[in-house]
Amino acid sequence: MFDNFDKPTLSEEFVILTKKISFGLFIIAIIIIVQGYFLYWAEDNIIDPVDGIYKNIIAIGGETPAPESGLGRFITILAVFEGLVMAAYIVVLAAVFSLQGGTILKKNYRDHIVICGWNFQGRRIVETLLETQKDQIVVIDPNNRELNFDKKKVFFVKGDPTSDKTLDDAGIMNAKTAIILTDLSLEPLEADSRSLLIGLAIESKNSDVYTCAQIIDSKNEIHMRRANVDEIILLDVVGADLAAASAINQGSSMILSELVRYDQGSEIYRFDPPLPNSIVGKNAQEASDILHKSQVILIGVETTEKNKIKDDVPNRDKILEQFEASGRAILVNPQNYIIGNNDSIFVISDDDPKEVL
């Protein structure tokens with residue numbers, strides 16, 4: 001089910017560690033050979049240079065008989081010291097590798113979801129994705145929290161999501177979607193600035209990934225749009241508007257809560273091309289009537305064709321602004337809009353409309 005990743009490869013940090021250890025061993029090997037020749041020259045009981053090299057190697061472990069000459073004793077003492085230094089060098093490299101969160105193998109993820117950062121909403125987001133999606137989930141968490149999810153389905157990368165290396169480790173180049181969770185422990189301006197930096201880092205690495213970001217202050221939405229973030233969740237607006245809607249139209253929050261939760265009742269689904277032939281070429285009202293026969297309610301259409309956004313479309317100026325920023329626009333309840341082959345539709349349904357239709 002969760003098999004959308006290529007064969008693991010050696011991680012970059014492990015390759016660097018191996019090169020450093022190999023270089024150290026190479027230097028020690030040269031020193032041992034040179035010292036072995038000196039030991040052969042200094043000691044009468046050593047019959048050839050190879051025997052001198054052998055005895056020098058044994059001396060590194062501190063298990064060689066004491067040489068007779070002063071030079072021979074000095075060389076063996078030096079060999080023991082070299083052994084200690086080499087052991088310490090390897091231990092330090094391994095410790096640094098471990099402390100930095102180094103891994104031997106690097107998974108090459110593909111068509112997955114990357115979650116950048118973490119807040120109290122993160123757990124529910126992951127649980128919902130696990131229930132409704134088959135995609136792998138990679139969480140970039142700077143604090144390396146103990147989050148108990150199925151390790152075969154959810155993977156964790158420790159690091160800064162603004163760092164190229166961290167994004168590479170999370171496979172951002174092959175990701176399908178990136179979710180940026182705002183750091184609610186920071187001040188609003190600082191939190192939104194960090195989310196913006198993460199969005200810029202992701203877009204600079206892979207402009208094709210669909211990015212969805214939370215921000216606290218809606219005034220910063222324009223900056224996220226300029227960073228080519230595809231979808232922006234305005235935490236201050238969503239809460240305020242929902243409260244106002246509930247006061248004006250009592251029960252609105254209950255309906256919206258059911259529609260956005262995937263563990264109860266009806267949900268909002270996106271239906272990408274190819275659409276059912278029965279609705280292609282029909283206007284939205286006709287398509288709605290056809291879909292309703294299958295207990296599917298049409299609520300919106302996404303188009304990538306600017307000329308299809310007619311003058312009678314409600315909120316046209318805002319929709320055109322959205323189109324200019326992203327190259328596509330979503331029309332809610334578009335009545336006279338003609339459904340095309342390349343359009344996506346948004347519907348309300350109890351089950352996945354691809355199975356129902």
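Guide: A residue is called buried when its relative accessible area is under 20%, exposed when that area is over 50%, and partly exposed in between, with a 1.4 Å probe and protein chains only. This is a predicted model, in which local features need pLDDT of at least 70 and side-chain atom pairs count only at pLDDT 80 or more, while totals for chains, interfaces and linings use all residues. Residues are numbered from 1 along each chain as its sequence is written, and side-chain values use heavy atoms, with hydrogens and water left out.

Visitor: Is Gln295 buried or exposed?
Guide: Gln295 sits in the loop between helix 10 and strand 10, where helices (H or I, at least four residues) and strands (E, at least two) are DSSP runs numbered from the N terminus. Its phi is positive, at about 60°, although Gln295 is not a glycine. Most residues other than glycine have a negative phi. At 64% relative accessibility, Gln295 counts as exposed.

Visitor: What is the relative accessible area of Asn228?
Guide: Asn228 is placed in the loop between helix 7 (221-226) and strand 8 (231-234), and it has a positive phi of about 65° without being a glycine. Asn228 is partly exposed, and its relative accessible area is 43%.

Visitor: Why do the buried residues of helix 11 line one face of the helix?
Guide: In helix 11 (residues 316-326), the buried residues are Ile319, Leu320 and Phe323. Seen down the axis of helix 11, these buried residues line one face because they fall within an arc, taken over the directions from the helix axis to the C-beta atoms, of 100°.

Visitor: Which strands do the buried residues of helix 11 pack against?
Guide: The face of helix 11 turned away from its buried side carries the exposed residues Asp317 and Glu324. On the buried side, where contact means heavy atoms within 4.5 Å, the residues pack against strand 10 (297-303) and strand 11 (329-332).

Visitor: How far apart in space are Glu187 and Ile216, C-alpha to C-alpha?
Guide: Glu187 lies in the loop between strand 6 (177-180) and helix 6 (188-205), and is exposed, with a relative accessible area of 58%. Glu187 and Ile216 are 29 residues apart in sequence, and their C-alpha atoms are separated in space by 9.2 Å.

Visitor: Is the peptide bond from Pro273 to Pro274 cis or trans?
Guide: Pro274 is found in the loop between strand 9 (267-271) and helix 10 (284-292). Most peptide bonds are trans. With omega near 0°, the bond from Pro273 to Pro274 is cis.
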